[in-house]
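Subject: Handover of a structure and its findings

Dear colleague,

Please find below the structure that I am handing over to you. The findings follow it, grouped by topic.

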Amino acid sequence: MIPGARLVVLGKQGAGKGTQCVRLARHYVIPHISTGEMFRAAVKGGTEFGRKAKAYMDTGELVPDDVVIGVVRERLDQDDTKERGFCLDGFPRTVAQAEALEELLSPRGLDLVLDLEVPTDVVLRRLATRRACQDCGENYSIDSPPKSAWICDSCGGEVVQREDDNVGAIRRRLDLYEKETAPLIAWYMRADKLVAVDGIGSPDDVTGRLVRAIDARRARHA
Ligand code: AMP
């Protein structure tokens with residue numbers, strides 16, 4: 001294991017990005033940067049910014065590009081990401097965000113973009129049964145709940161259904177994924193940055209595939 005990497009994980013909502021990014025962040029000793037988690041923390045903190053973001057999030061709409069890019073710019077400007085890199089989860093989600101990221105990271109750029117592939121019927125079921133810790137964001141499902149009734153195994157927070165995991169918002173988020181985010185797959189493929197990874201299987205199996213893809217790419221560029 002070599003610490004440090006600049007990674008983006010793409011994938012539909014419910015593809016397992018959050019779970020896998022936590023694991024990749026531990027493996028490569030890099031910060032996990034989830035824009036969704038940053039917005040949820042702002043909502044919980046009751047800030048003016050959080051109040052505005054909530055209106056978009058609850059209906060499954062995308063927070064405007066300039067707002068998201070501003071938040072990511074500030075985060076990438078911190079020493080830990082400059083020194084060790086990052087695993088970006090949920091960003092970029094539009095071509096404008098991907099272009100802004102290129103600019104922010106210039107001249108070195110990203111090491112690799114991983115596209116976590118999971119069919120839509122599978123993510124629909126995962127989203128409908130998903131539950132998440134209100135405090136740390138750890139994901140569970142009604143099929144694999146925390147050990148003690150809806151109390152997070154990791155931090156003791158309350159495990160609930162996310163407000164945007166309702167039928168209308170799920171449909172809207174998946175539509176927006178196809179329209180705004182899926183074009184990034186071809187965009188990063190053209191830049192020779194993309195590797196597709198099968199997202200079906202146990203979390204350990206999927207992590208193994210991701211790590212093999214990342215290490216193979218790093219060996220190629222070593
Ligand atoms: P997530 O936890 O990644 O599913 O994000 C939850 C919600 O936060 C999304 O449905 C959007 O409303 C908002 N959000 C997160 N990341 C972005 C982004 N990169 N661009 C626009 N909106 C975002």
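Is Gly36 buried or exposed? Gly36 is buried, as its relative accessible area is 18%. Please bear in mind throughout that the model is predicted. Gly36 belongs to helix H2. A distance of 9.8 Å, C-alpha to C-alpha, separates Gly36 from Val68, and in sequence the two are 32 residues apart.

The ligand

The ligand is surrounded by 16 residues, and the closest of them are Thr35, Arg40, Glu61, Gly90 and Gln97. Helix H2 supplies the largest share of this shell, with four residues. Sorted by class, the shell consists of six charged, six nonpolar and four polar residues.

The side chain of Arg40 has an N or O atom 2.9 Å from an oxygen atom of the ligand. A polar backbone atom of Val63 lies 3.0 Å from a nitrogen atom of the ligand. For Gly90, a backbone N or O atom is found 2.8 Å from a nitrogen atom of the ligand. The ligand exposes 480 Å² when taken alone, and the protein buries 96% of that area.

Aromatic pairs

A pair of aromatic rings is described by two quantities, the distance of the centres and the angle of the planes. Two such pairs are present in the structure. In the pair of Phe39 and Phe49, the ring centres are 5.8 Å apart and the planes stand at 50 degrees, so this pair is tilted. Because Phe39 lies in helix H2 (residues 35–44) and Phe49 in helix H3 (residues 48–58), the pair ties together parts that are ten residues apart in sequence. As to accessibility, Phe39 is buried, with a relative accessible area of 6%, whereas Phe49 is partly exposed at 33%.

The other pair is formed by Trp187 and Tyr188. Their ring centres are 5.0 Å apart and their planes are at 90 degrees, so the pair is edge-to-face. Both Trp187 and Tyr188 are buried.

Helix H3 also contains Ala55. Ala55 is exposed, and its relative accessible area is 52%. Between Ala55 and Val43 the distance is 9.9 Å, C-alpha to C-alpha, while in sequence they are twelve residues apart.

An open sheet

An open sheet is formed by three strands in the order E6-E5-E7, with antiparallel pairing. Strand E6 (139–141) and strand E7 (159–160) are at the edges with a single partner strand each, so one side of each has no neighbour in the sheet. Two bridges link strand E5 (residues 130–133) to E7 in the antiparallel sense. Ala132 has Val160 in E7 as its bridge partner.

Backbone geometry

Most residues other than glycine have a negative phi, and most peptide bonds are trans. Which residues depart from this pattern?

The bond from Phe91 to Pro92 is cis, and its omega is near 0 degrees. Pro92 is placed in the loop between strand E3 (85–89) and helix H6 (95–105). Ser106 and Pro107 are likewise joined by a cis peptide bond, with omega about 10 degrees. Pro107 sits in the loop between H6 and strand E4 (112–117).

Val29 is not a glycine, yet its phi is positive, at about 55 degrees. This residue, Val29, is located in the loop between helix H1 (17–28) and strand E2 (32–34). With a relative accessibility of 38%, Val29 is partly exposed. Trp150, which is not a glycine either, has a positive phi of about 55 degrees. The loop between E6 and E7 holds Trp150. Its relative accessible area is 31%, so Trp150 counts as partly exposed.

With kind regards

How values were computed: Residues are numbered from 1 along each chain as its sequence is written. This is a predicted model: local features need pLDDT of at least 70, side-chain atom pairs count only at pLDDT 80 or more; totals for chains, interfaces and linings use all residues. Side-chain values use heavy atoms; hydrogens and water are left out. Rings of Phe, Tyr and Trp (its six-membered ring) pair if their centres lie within 6.5 Å; planes under 30 degrees apart count as stacked, over 60 as edge-to-face and the rest as tilted. Buried means under 20% relative accessible area, exposed over 50%, partly exposed in between (1.4 Å probe, protein chains only). A residue is near a molecule or strand if one of its heavy atoms lies within 4 Å of it. A polar contact is a pair of N or O atoms within 3.5 Å; within protein, one must be able to donate a hydrogen and the other to accept it, and residues adjacent in sequence count only if both atoms are side-chain atoms. Accessible areas come from the Shrake-Rupley method with a 1.4 Å probe; for residues, only the protein chains shown count as cover. Ala, Val, Leu, Ile, Met, Phe, Trp, Tyr, Cys and Pro count as nonpolar, Asp, Glu, Lys and Arg as charged, and the others, Gly among them, as polar. Two strands pair if DSSP finds at least two bridges between them.
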